[in-house]
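Welcome! Please take a moment to look over the sequence and the 3D structure before reading on.

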Amino acid sequence: MKKILSLVLCLMMVLSAVSFASAEATVPTIDQIKLGEDYTDLTATIKWLTHRTDLVNGGQIAGYIAEFNKVYPNITVEVEGITDYAQDSLTRLTGSKDWGDMMGIPQVEASEFATYFTPMGSLETLSEIYNFADAKAFDGVVYGIPSTGNAQGIVYNKAVFEKAGITELPKTPAEFIDALKAIKEKTDAIPLYTNYAAGWTMGAWDAYIGGSATGNANYINNDIVIEKDPFSNKAEGVGPYAVYKILYDAVANGLIEEDYTTTDWEGCKVMINNGEIGCMVLGSWAFSQMRDAGPNGADIGYMSFPITVDGKQYASAGADYCYAINKHATVENQTATMVFIKWMTHESGFAYNEGGIPINKDGKYPDLYAAFAGIEFVPDTAAVDQQLVDDLNNDSMVLLNRGGDKKIQEIIEHAFNGTKTFDEIMADWNEAWTTAQEDLSIEVK
Amino acid sequence: MSTVNPAMPQPRGRKTFREWFAVPKNQQRVVIFTFAVVPVFLLIMFTYYPFMRMIEWSFYNMSYTKNRGFVGLKNYLDVFTRDELFATFRVSLYYMAGAVVQIALALYFATILSFKTKFTAFYKGAMFFPFLINGIAIGFIFKFFYTRGHVLDTTLGFFGIPLESLPYWLRDTSVNNWSLVATSVWKYMGQNMVLFSGAIMSVDTTLYEAAAIDGANKWHQFRYVILPSISTVLTLNVILSITGSLSAFEPPYVIAAMGSNGTATYFIQMHQTAHVQHKVGLACAMAVVLVLIICICTLIQKLIFKYAFRNAGTDTKPAKKGVL
């Protein structure tokens, strides 16, 4: 009898050990973790690659980690800030399996997510909890949680606008160009600073052609794929044509800096803060940087892009870099990273501090969105066929939102030198787009 | 010698390693092999193997993360038919023109400094110095140098040239490529000069005396004594400059915002294709085409120089005899 009892006990112990081991062997999804309760005794050292070198050097990231360690003292987070993030992180990711544990997903095709990253949960569940949950999802599985959300608008200097006598923020392209002209006439400020030389600041214009210019969340990832000649002037003052036309007209009317080839990205922050620049077309992430660049932070404002669709204004909104986990790391490290990501999203206040749209749906909006009252945020929906969108953009070399900086720089060059009319540029893009659509046998409607 | 023992399976006539190694010739072979194996391995591993893979990839439609299949010669056709790719060679012509100026200047300074001049070492050092600066740093230096109202404009202002009559050095497409070429000449001229003056120093000084006795002036000395003697170094410098001008990258990338405003060279376009458009196959094909073009350029130069210096050998030898 005793023998049987001990056998049963033994069996039970083995079973529980097995079940314990199997619980340990899988990484939880992010929605399963209860912050402050689960995994508080987990010991791990994780490495985080981030593009926010400014926050690494400024000590803010260390501050977040210190807060995190009050709850999870045994998880050590090492941070590496990378200056040329878009390029270097991709090289590290594709080059080796032990690049670290956590990174913001660089330009990787959606179908490749599963090769590199740990699944964080199903899209169905997570889209209930998070904004922009579909930003880095593939086949209904989420691989990355956004660090913060950005709205697309224009960062401007309130004092300059006031001095120019602009009492109401422009709502249409024509009003916007008039406002720039008023700034040029009545102040010494550069009405619109292009940041031509930095390159990526030019590609940023692509972010406005979707939700902001059409009010259609489906536009940039799906509708444009099957649209015939998307860059034509189809309706007055809306759509991609209107967005790029604003830039062309501003240059052609001499409403930008004198020598665009020597613009200076770091310098422009100080200049707008001092009132030497009227406005710049940049995402909401830029707001805090411009505000903190000098003593006149209170002058910096943020407004929506001057396009009105059927009497209503919209603003594209989307995810910033999305945190993802290295699937080749140990289970402990993956779990610890998942805990840290959940903490960063729910508890750190990161999105709020950065002036971003909250990621967890119950988070609060920072003050800068005050000017967005009555404006509808349009988060771009994910592509039905992400691969096809990537291929179309790469093959046509139009590269919307994919580092197509050169084509926007060329708008400025042509507008300034008068080498091509705006309609000619758009016709070129349409032609490239159509050719790629044909090569990929896309049915155009 | 080796004992014939049926119990031992060792085949007849085969020496042990120790015996084999005792032969000096074999020792020499081992030494040569062991010395050569490391560099040859490194060369194959890091030069030839990647190069072969690059040629292989040039036949595929692929990105860094994905291979979309074999496409044959399509990438090569694209290099020649896509306007934005092949047209960049036009920009390389600016750099080739710059290379000619650069060689001429280097030769001029090297020759002058080889005659009796004061502060020779200082001049040489000053002119060689830019070569030692990192290319990216040079880029930033010149970015500010060319900015409106900065160094270049104010310097020209001292000479009474008003700002209004000056072009925007990087914005105006009629001058911006020349501005960039100038930085490249500034950087590499010193290096060419040092190579030239090294070669000129190795010229037998008695030749100058002999030439002077024969009534040759400085120009004749340069034309008939110095130039033929340094023809090898001259050829080398020209080849390096021309290949360098085909592969110019840093000036347009750093100074002119990644090759914007019509300053994109072939290298910049290759970088764009591979790293922005993720068309790795096409970029590989571009690289292969560049290698072929450089080979052709080198061959043409060789032929030209062979023709230009066809009498070089016979020119100098009688002179030497004359001295003796």
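The briefing below goes through a sheet, a core, one residue and the contact between two chains.

What you see is a predicted model. In chain A, four strands make up an open sheet with mixed pairing. The largest nonpolar core has 186 residues, and chain A touches chain B through 21 of its residues.

**The sheet in chain A**
- The strands are arranged in the order β9-β10-β8-β11.
- From one strand to the next, the twist averages 20°.
- Strands of a sheet are held in pairs by backbone hydrogen bonds, in either a parallel or an antiparallel way.
- β9(A) and β10 (residues 277-280) of chain A pair in the parallel sense, over two bridges.
- Across this pairing, A:Leu192 stands opposite A:Cys279 in β10(A).

**Helices lying across the sheet**
- α8(A) lies across β9 and β10 of chain A, and runs at about 170° to β9(A).
- Helix α13 (residues 265-273) of chain A lies across β8 (153-157), β10 and β11 of chain A, and its direction is about 125° to β10(A).

**The nonpolar core**
- Which residues have the most contacts inside the largest nonpolar core? They are A:Val155, A:Trp205, A:Leu247, A:Met280, A:Phe340 and B:Met286.
- Setting aside residues up to four places away in sequence, A:Val155 touches A:Cys279, A:Met280, A:Leu282, A:Ala286, A:Phe287, A:Met290, A:Ile300 and A:Tyr302.

**A closer look at A:Ala164**
- A:Ala164 is found in the loop between α7 (158-163) and α8 (173-186) of chain A.
- Is A:Ala164 buried or exposed? A:Ala164 is buried, because 20 other C-beta atoms lie within 10 Å.
- Beyond its neighbours within four places in sequence, A:Ala164 is in contact with A:Ala182, A:Ile183, A:Lys186 and A:Thr187.
- A:Asn401 is 237 residues from A:Ala164 in sequence, and their C-alpha atoms are 33 Å apart in space.

**Where chain A meets chain B**
- The 21 residues of chain A are in contact with 20 residues of chain B.
- α4 (85-95) and α18 (405-417) of chain A each supply at least two residues of the side that touches chain B.
- α18(A) gives the most to that side, with four residues.
- By class, this side of chain A has six nonpolar, nine polar and six charged residues.

How values were computed: Residues numbered from 1 in each chain as written. Chains lettered and ligands numbered in written order. Predicted model: local features only at pLDDT ≥ 70, side-chain atom pairs only at ≥ 80, totals over all residues. Buried ≥ 20, exposed ≤ 12 C-beta atoms within 10 Å, placed from the backbone. Contact = placed C-beta atoms within 7 Å. Nonpolar A, V, L, I, M, F, W, Y, C, P; charged D, E, K, R; others polar. Core = buried A, V, L, I, M, F, W, Y, C linked by C-beta atoms within 7 Å. Pairing = 2+ DSSP bridges. Axes fitted to C-alpha atoms, helices over the stretch in contact; angles between N-to-C directions.
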